[in-house]
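Look first at the whole chain and then at one residue within it.

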Amino acid sequence: MDTFERVRELLAEQLDIDEEKITMDSDILEDFEADSLDVVDMVMTLEDEFGVEIPDEDIENFHTVGDVVRFIDDNL
């Protein structure tokens, strides 16, 4: 399973949205109406799942699902 598919699964479960609606270009805050608590939960889940540490300054750059996937791929 590639990084995008796993991130998509985790986001769908966490935000209670249909996986099919999640694309690399999906805006996490605007398209899914995620709030800051959702983002913190998402980051903790991703850190556990992929074994990467995501610094706060990088979280601010996560706008799309693709941003998250690229960060994980670059840091694995």
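Two residues are in contact when heavy atoms of theirs lie within 4.5 Å. The model shown here is predicted.

With that term in hand, take Thr64. Leaving aside residues up to four places away in sequence, Thr64 touches Met24, Asp25, Ser26, Asp27, Ile28 and Arg70. Its place is in the loop that runs between helix H4 (56-59) and helix H5 (65-75). Is Thr64 buried or exposed? The relative accessibility of Thr64 is 18%, and buried means under 20%, so Thr64 counts as buried.

Now step back to the chain as a whole. The protein chain has five helices and zero strands, and reading along the sequence gives the pattern α-α-α-α-α. Its radius of gyration is 11 Å, close to the 11 Å given by the globule rule for 76 residues, so the protein chain is as compact as a globular protein of that length. Along the principal axes, the C-alpha trace spans about 30 × 25 × 20 Å.

Contacts can also be sorted by distance along the sequence. Among those in the protein chain between residues at least 6 apart in sequence, 52% join residues at least 24 apart.

Of the 76 residues of the protein chain, 38% count as buried. The protein chain exposes about 4,800 Å², and carbon and sulfur atoms supply 41% of that area.

Conventions:
Residues numbered from 1 in each chain as written. Predicted model: local features only at pLDDT ≥ 70, side-chain atom pairs only at ≥ 80, totals over all residues. Heavy atoms only, no water. Helix = DSSP H or I, 4+ residues; strand = E, 2+ residues; numbered from the N terminus. Buried < 20%, exposed > 50% of the residue type's maximum accessible area, 1.4 Å probe, protein only. Rg over C-alpha atoms; globule rule 2.2 N^0.38 Å. Areas by Shrake-Rupley, 256 points an atom, 1.4 Å probe, with all protein chains shown as cover.
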